[in-house]
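Good morning, and thank you for making time for this item. Please look at the sequence and the structure as they come up.

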Amino acid sequence: MVENARTLASALGVRGYHIVSGGTDNHLMLVDLRNKSLTGKVAEQVLDRAGITVNKNTVPRETQSPFVTSGIRIGTPAVTTRGMGGDAMERIASLIDRVLSAPDDTNVIAAVKAEVKSLADEFPLYHAV
């Protein structure tokens, strides 16, 4: 889980996302979205529509209310439990970036949602016996 979180944090960082504390030492990361001109609330909602679950979260030196926030919290336990590894973390970072780069584009959101479903289908929760 920690290795996946580090890979995901790094892949988001390469795409210009500010990872609070510069990375992670556990299964979670906090992403400050102020440089992307997005709020945590908007990011949480638009990513949810694309099938990606994150939580809005306050960040250091927060400028928004706790109900809006300037960041999101992302964790890797659920995807790691499904058997996803580094390559999948790179794909997830790309999917997150595509949605957050075009939060009002319903076509992008729909395309990413289809890719999220395909990725999840590659790593089923349960194997048929």
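Before I turn to a helix crossing, one term is needed: an axis here is a line fitted to C-alpha atoms, for helices over the stretch in contact, and the angle between two axes runs from 0 to 180 degrees between their N-to-C directions. Please also bear in mind that this is a predicted model.

With that term in place, consider α2 and α4. Their axes come within 10 Å and cross at roughly 115°. The crossing is right-handed. Which residues make the contact between α2 and α4? From α2 they are Ala43, Val46 and Leu47, and from α4 they are Ile96, Val99 and Leu100. Sorted by class, this contact has 6 nonpolar residues, with no polar and no charged ones.

Let me stay with α4. This helix has 16 residues and reaches 22 Å from its first C-alpha to its last, close to the 22 Å expected at 1.5 Å a residue. Its buried residues are Ala88, Met89, Ile92, Ala93, Leu95, Ile96, Asp97, Val99 and Leu100. I draw your attention to Asp97, which is listed among the buried residues of α4. What covers the buried residues of α4? The cover includes α1, α2 (40-49), β4, α3 and α5 (106-122).

That brings me to α1, residues 2-14. With 13 residues, α1 reaches 18 Å from first C-alpha to last, close to the 18 Å expected at 1.5 Å a residue. Buried in α1 are Asn4, Ala5, Leu8, Ala9, Ala11 and Leu12. These residues lie on the same side of α1, because they cover an arc of only 165° around the axis. On the face turned away from that buried side, α1 carries the exposed residues Glu3 and Val14. Among the elements that cover the buried residues of α1 are the strands β1 (18-19), β2 (28-32) and β4 (71-75), together with the helices α3 (77-81) and α4 (86-101).

Finally, the end of α1. Gly13 lies in this helix. Why is Gly13 classed as partly exposed? Its relative accessible area is 34%, and partly exposed covers the range between buried, under 20%, and exposed, over 50%. Gly13 and Asn35 are 22 residues apart in sequence, and their C-alpha atoms are 12 Å apart in space. Just after α1, Gly16 takes a positive phi of about 95°.

Thank you; I am glad to take questions.

Technical notes:
Residues are numbered from 1 along each chain as its sequence is written. This is a predicted model: local features need pLDDT of at least 70, side-chain atom pairs count only at pLDDT 80 or more; totals for chains, interfaces and linings use all residues. Side-chain values use heavy atoms; hydrogens and water are left out. Helices (H or I, at least four residues) and strands (E, at least two) are DSSP runs, numbered from the N terminus. The expected span of a helix is 1.5 Å times one less than its number of residues. Buried means under 20% relative accessible area, exposed over 50%, partly exposed in between (1.4 Å probe, protein chains only). The arc is that of the directions from the helix axis to the C-beta atoms. Contact means heavy atoms within 4.5 Å. A crossing is left-handed if the near helix is turned anticlockwise from the far one by less than a right angle, and right-handed if clockwise. Ala, Val, Leu, Ile, Met, Phe, Trp, Tyr, Cys and Pro count as nonpolar, Asp, Glu, Lys and Arg as charged, and the others, Gly among them, as polar.
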